[in-house]
Structure formats: structure tokens, C-alpha cells
Amino acid sequence: MFFEPMFLGMLIGSLLVVVAVFTSILSFRLGAPLLLVFLLLGLLAGEDGPGGILFDNASIAFFIGSMALALILFDAGLETRRHTLRGAAGQALVLSTAGVVMTAAVIAVAVRFIFGFSWIESFLVGAIVSPTDAAAVFLLLRVGGITVRERVRATLELESGSNDPMAILLTVSLVGLITAGMTEGQVIAELIKEFFLEIGLGLLFGLIGGAGLVQIVNRTNFETGLYPILSLSFALSLFAFTGLLGGSGFLAVFVAGIWVGNVRMRHQVSLRRFSNGVTWLAQIAMFLLLGLLATLSQFGAVLLPAAVLSIILVAIARPVAIWICLLPFGFSRREMAFIAWVGLRGAVSILLAIVPILGGVAVGPEIFNIAFIVVIVSLLLQGWSIKPVAKWLGLIVPPRHGPVERIELELPGKGDHEIIAYTVHPESPVARGERIPRWARPSLVVRGGRSLRAHNYGRPEPGDTVYILTTPDYIELLDHLFAGPAEGASDPALYGEFVIGKDAPLADLATIYGAVIPEDAKDMTVQQYLRQELAGDIEQGDRASLGPVDVIVRGVSETHEIEEVGLAVDPEPPSRPQIPIFQGPKEIAVLLGWRKRKSIGAP
């Protein structure tokens, strides 16, 4: 029958997606990286696996994978907040440019001696495996329940979303060098020209496209369900248009997503929900398809050397690049170690490994197999261990017990209201009998499965779900009323035995507790001293030592302003691993004898 091949293909494709969705349950229970599961499922369904599906069209795989990655990056931009961008843009830019080149250079040396490729081919392999994968990083950090310092998380997310252009530029240029016979001088000049062209056009069209999309949505009156489709189609059009003009389409959609996600735009709630679902489908389709493209029987020849290359990437190339790039930004050793460890490779590297095949490079199939094994080892080794490593390094911070759910409302005019749903925490001020201000009174209370009207519920009880109509400005205040303390906030080892005023003079701590105050800080308040001693954005749990006492940040606002300070008398230093590498500028100066070590400040 004429339609049988179509029905068969549709059945196989849809069943693979269904199986991939169900495997997510097993993945979350076992702690396995979900994208690795999708990739392995594609391998098993391929020609050498039980599925036996023959798929060897690299062009189609590259086309679909590129579209999927563009949608993933647009959604990543939507979820990136402006204040996190301000705190991490500098280091992310350095990592996504110089960091990619440094990683590729170290890997090139290893490839040259392990596989015997030419120097140009070796650097090509380095360029292919150098970028971190946005899908893998965003999924593990946002969905995996890992709560680390916001500055660290933002740096990782921005790096993974913005380092693709440099890797693509290097890969395409090196393939051109190999196939067109360009000289080294010509390729360097071409790289410099293409770098500024791709980055410049990507940023320009990303900003124009993001602003244009907002204006289109805010000034038109289509059916509500069409706006998410319009937005994602616009993002793909922006990706293709920027690429046609020689710019980085991936950077353009990421920047456009950041713009759209941080301004007031109609139908943004439906866009986020629709984009989230499409992004999941894109990730599943991309990893399944790339798994189908690979051939298991060809891995044997490069399995062991590629695994060794993966270890070099994880243990040497990535840490060296991270250390050099982040030296000026005031990260601690433990933070740099964690950022180095979360350098997950994923679909981007496999997509780039298709380029040498499409370009007719003689060792293209071998490079593809090497990149595939590097990705698998990275997801197995790093993806499975991110949370344990974060705990071992002492970088896990208490999650904020905030709203259970936020429902944005689109009201006429400039009304910017949301419905916030809380489950009343037993230790919250409201549960302990504190009066509820008029502006915070619930519009609806659900108790024991029953909905109670505003004049019937009495005082909210622990376990009640309360729904409050409010503006975003009040959400932080509502957290203090209905939510419980952050996990571990009452632990004196972490946050001190008691609370002190953030504006208390340091001199008082010297008089009462014998604190050792530096000469240049005797006229400071506690808050001023903490800001001086703690580099970067301040996070909950940060501490600074004053001899026999520690002052500790117990609470911070969304803008990283200190809200509450704890005091630990005769503190026992937290058990933290001694990282022998990733020394900061001050430690390097001490090692070189340029300055004396200070005994003040967080380790």
C-alpha cells in the first residue's frame, strides 16, 4: 500500500519519543543525565542496536539538529533574568571566546600525539569538543534540583548559551582550510574577520529581532493560541536570516530570547509554557536523531584513545582554560573547580562533528566517532556527578522556600499582577499567629481539598494552600509571611548562633566579643565590611573571619543586598576540600612573595 511507509515511519518516530518520555522517570530516579538516556536510546534504535533502524543522512541530521538547538537557545534566553546577566556577562564572554580557543589548543596537542592527525586536523577536533552544551547544562542545573550560588549558575548558563558561535567559527574555518588548501596565515586572517562578523551580526540582529518581536506581539490582535507559534517561528526566521548574512544565528536567537524574557510583552506566560514543551521535544528529537546517525560497530577502533582524550578534556584542558579565564573575576578555588567540572559536552559537539563529513574531510567519520565518545564519557562522568561534586565542594546553598506557583495575569492597561500560590509552612510567621496585612490577605484558601471563600477560612493553617492576587514587588514580602525558613537556616554551624544588626559597627564586635578588626575597617559597619571582603555578588552563607568570631550572611534580597547577618563565636571552620589548583590573584601574589597573607575573608 502506498501509505504504509509513511505510517510505519510515523509510528516508529512517535514511539521513540514516547519511550524517551517514559525513560525520564527512570532517569530522575537513578540520577542519570536525561540527555544521555535520549542519546543511548537513539543508539539502541540504530542499525547496530536492537531497533535496527538504518539512518545515515548527515545533512538531515545537521539540519534538524541546528533547528532544535536554535529553539533550545531561544528558550534558554527567555529564562535568563536581567540581574543574573549583569553579574555574569563579563566572565561568560571571556569563557565563550578565549576559553573555547584555549580548550581547543590543549586538546589539539593531545589529539596530535594520540591519533597522529595533522596539526590542522587536531585543532579541528579540539574546536569540535571545546563548547559546553546548553541543553545539558540548563537541564542539569534547572531541572536537576541543584541549588548553587547564583553567580556560579549564571556563569555556567551564559557560557553554555554563548560559546557555540566561536566553536562553529573555528570548525567551519578549519574545514575550509583543510578542503580549500588555505595557508595558515590566510586562515588566521579569515578567522579574525569571521569572528567579528559573526559575533557582531549575531548581537545586532538578536537585539533588533527581540525588540521587533515584542513590538509585533504588543501591537497585533491575533487569536491567543497563535502568539507562541508566531514567536517561535520568528525565532527560527531570525536564526536563518542572521546565518544567511554571515552572522551567528545561535547567538542571535539567544540574545533575542533574553530581550523578550526581560521586558513586558503580552502573552508571555503562554509563550513560556509553549516554548518549554517545544524545547523538550527539540531535545528529545535532536539526541535521538544523533544517536541514530552513529554506528556502534565503528566505535571499537577509537574507543580507548577517545576515552583517554575525554579524561584529558575533563582533567586538564577545561580546568586550565577556566583557571586562566576566571582569574580576574574573583571566584574562589572551589567555585572555579565546580565551573570546570560542569563543562558538559553534548549535542553541539556531535553536530559540529558532522561538518567535516559534509565538507569531505578524509578523517571526517573518525572525527565524528571520537566526538561521540567524548560526549558519552562527559555525560557519564560529569553529568552523573554534578550534585555530589557540588556538595563535596560545599557550594550547595539552601533553596529559597518561595511561591508554589506563579500565574501571571494580563490585565487591561499597565496592570502587572500575578496570582501567587503558597502552601502555608508550619514555621511561617502566619502559622505562628502573626497578623496578615491587608494587602497580603488571600483571595482563596484550599483546606483539606475544599475551596473556602475569603470570609470563611478564618486564619490560614499549616498545610493550607493560599492564593493571593498581588504585584511582583510584594512577592519577597509574601515569602517572609507564608513560606518557611530556608533549609538549614537554623544551623548555627552554617549561619551563626544568633542574629546581629547589619548596620552594627565593627568596633562593637571588638569590644564585646574580642573580634580582631583590621585598621582600614575600624570605622565600618558589618554590612560594609562584608561587602569589602566578599568578592562578587554576595550569597546566603558567605562569611568573613574576624579572629575569634565570624560574621555570616544569613539572608540576601533578589538584588544581592544583605538583609540579615549572623554571628558565630569561636567558630569551627566548615569542613571543605583543599583544592590544590585554581589559585586566585591574591594567593598567586603570596606565593610569589609580592604580599603578605591576610587572615581575613572567606576561603
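Over which residues does pLDDT stay under 50? That stretch is residues 597–603. The model is predicted, so local features need pLDDT of at least 70, side-chain atom pairs count only at pLDDT 80 or more, and totals for chains, interfaces and linings use all residues. Residues are numbered from 1 along each chain as its sequence is written, and side-chain values use heavy atoms, leaving out hydrogens and water.

**Confidence**
- pLDDT is the predictor's confidence in each residue, from 0 to 100.
- The protein chain averages 79, and 81% of the residues score at least 70.
- Confidence is highest in helix 13 (residues 303–326), at a mean of 93. It is lowest in helix 19 (residues 492–495), at 60.
- Helices (H or I, at least four residues) and strands (E, at least two) are DSSP runs, numbered from the N terminus.
- For residues 597–603, the model has 17 contacts beyond four places in sequence. A contact means heavy atoms within 4.5 Å.

**Cavities**
- The whole structure has two cavities of 30 Å³ or more. A cavity is a set of points, on a 1 Å grid over the protein atoms alone, where a 1.4 Å probe fits but cannot get out.
- The largest cavity has a volume of about 60 Å³. A volume is the space filled by probe spheres set on the points, which are joined across faces, edges and corners.
- Lining residues have an atom within 4 Å of a point. Among them are Leu95, Glu159 and Arg318.
- Helix 4 (82–115) and helix 13 each supply at least two lining residues of the largest cavity. The largest share, four residues, comes from helix 4.
- This lining has four nonpolar, five polar and two charged residues. Asp, Glu, Lys and Arg count as charged; Ala, Val, Leu, Ile, Met, Phe, Trp, Tyr, Cys and Pro as nonpolar; the others, Gly among them, as polar.

**Strands**
- Two strands pair if DSSP finds at least two bridges between them.
- Strand 3 (residues 444–447) pairs antiparallel with strand 5 (residues 465–470) over three bridges. Three bridges also join strand 3 to strand 4 (residues 450–452), again antiparallel.
- Val445 has bridge partners Val466 in strand 5 and Leu452 in strand 4.
- Strands 3 and 4 form a hairpin with two residues between them. In the turn, Gly448 has a positive phi of about 60°.

**Aromatic pairs**
- The structure holds six aromatic pairs. Rings of Phe, Tyr and Trp (its six-membered ring) pair if their centres lie within 6.5 Å. Planes under 30 degrees apart count as stacked, over 60 as edge-to-face and the rest as tilted.
- The ring centres of Phe239 and Phe250 are 4.9 Å apart and their planes are at 55°, so this pair is tilted.

How values were computed
On a 1 Å grid over the protein atoms alone, a cavity is a set of points where a 1.4 Å probe fits but cannot get out, and a pocket is an open set with protein on both sides within 12 Å along at least five of seven lines; lining residues have an atom within 4 Å of a point.
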